[in-house]
Amino acid sequence: MARWLVLLLFGIGSAALAADPAQTPAAPPPESAIPAGPDGDAIRRGINIITNTSSAAPEFAGNDLRCANCHLDAGRTAGAAPLWAAFGNFPVWRDKNKRMNSFEKRVQDCFIYSMNGKPPPLGGEVLMAVSAYAGWLAQGQRIGVSPPGRGFPAITAPPLPPNDARGKAVFGETCASCHGPDGQGLKDGDTVVNPPLWGPRSYNWGAGMAQVDKAAAFIRANMPLGNGGSLTPQQAWDVAWFIDGQTRPQDPRFAGNLAATRAEHHNRPWSRYGTLIAGRAAGDPATAPRHNVPPGHEF
Ligand code: HEC
Ligand code: HEC
């Protein structure tokens, strides 16, 4: 076969592959495509919960964050745990709670840990609206397949073990201008302009973002906001290590003994919970106040 013909066929072959819906995730639909009627109302209610969590679901939000602070652009951004990439992968087994998790159960967990709040009831209006929105965003995705863009892009291992002094320097140079010199974020009256990274109004010790590897991957891909990918992997690991060594609300699964809670729920190198930082145990109840989850909740 003539060489040009091989190239031509190869070219057509890869173009066809790129357009194959089995290979390329469908783009989530634009907001203008939300249907009129009660189903559209539920979808819009879901968007409102994701983007204005504490005013749209005040009984369940427990800090100054909103879902869209981490699930950027209301859960649309690839590489920032987009909701369209998640929805078709539930129910799924999670080692975190050693059970099969429905999509609603997974959302409950982000309310409990990331939002340091209370779990909205399964089958209730709040979780139904979030599911309606996520399911609508996910139309055209394949069920049971993780499309490219799910979660956070993998980050390479840190060349040097992450370190607080270097992390603090990265924070001061590239993050403090927005997140505040003490990581508490920036407010205009009651409106949160930039979210807090630690302290009593941020995510708690049980959150995914409190694990250094997850935070490093999120930060490397998405921060500084508008300039993701600009930090070196080492800088992302260092600043994530530093942030996830600061004080924050208690892990709701804490049952009175720090070492036991670490052994049961944080037994991995990328959680600093229960380890000594500057002579003090991270997550010590003296610095990590009680959580909001009502007794009787099955984690
Ligand atoms: C230009 C301002 C800006 C800079 C600089 C910036 N951020 Fe952010 N960051 C934001 C905003 C705003 C959000 C919330 C995004 C949204 O709601 O769309 C955010 C969200 C976050 C979150 C998730 C939400 C939370 O509060 O935990 C983390 C973690 C984070 N930033 C870390 C960093 C780190 C680390 C740096 C420095 C490397 C950094 N940011 C630099 C503005 C900034
Ligand atoms: C502080 C950051 C943060 C906030 C705020 C937050 N989440 Fe998450 N969320 C995460 C992280 C980290 C993960 C795990 C991502 C991974 O493992 O790849 C996650 C995972 C998820 C998943 C599963 C994603 C998947 O692909 O399996 C869903 C669904 C979800 N969150 C919904 C929500 C909702 C709804 C809210 C608001 C009520 C919320 N999250 C608030 C950080 C956050």
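In the predicted model, an oxygen atom of ligand 1 lies 2.8 Å from an N or O atom in the side chain of Arg 66, a polar contact being a pair of N or O atoms within 3.5 Å, where within protein one atom must be able to donate a hydrogen and the other to accept it, and residues adjacent in sequence count only if both atoms are side-chain atoms. A nitrogen atom of ligand 1 is 2.8 Å from a polar side-chain atom of His 179, and an oxygen atom of the ligand is 2.7 Å from a backbone N or O atom of Pro 196. The shell around ligand 1 receives two or more residues from each of α9 (176-179), α10 (212-222) and α11 (233-243), helices being DSSP runs of H or I with at least four residues, numbered from the N terminus. Of the 23 residues around ligand 1, those that come nearest are Cys 175, Cys 178, His 179, Pro 196 and Met 223, a residue counting as near if one of its heavy atoms lies within 4 Å of the molecule. The shell around ligand 1 comprises 18 nonpolar, 4 polar and 1 charged residues, with Ala, Val, Leu, Ile, Met, Phe, Trp, Tyr, Cys and Pro taken as nonpolar, Asp, Glu, Lys and Arg as charged, and the others, Gly among them, as polar.

For ligand 2, the residues that come nearest, of the 23 around it, are Cys 67, Cys 70, His 71, Cys 110 and Arg 150. A nitrogen atom of ligand 2 is 2.8 Å from an N or O atom in the side chain of His 71, while oxygen atoms of the ligand lie 2.7 Å from a polar side-chain atom of Arg 150 and 3.0 Å from an N or O atom in the side chain of Lys 214. Helix α6 gives the most to this shell, with 6 residues, and the shell as a whole divides into 16 nonpolar, 3 polar and 4 charged residues. Because domain 1 (31-137) and domain 2 (164-281) both give residues to the shell, ligand 2 lies between them, the domain bounds coming from an automatic or database assignment.

Residues are numbered from 1 along each chain as its sequence is written, and chains are lettered from A and ligands numbered from 1 in the order in which they are written. Local features need pLDDT of at least 70 and side-chain atom pairs count only at pLDDT 80 or more, whereas totals for chains, interfaces and linings use all residues; side-chain values use heavy atoms, with hydrogens and water left out.
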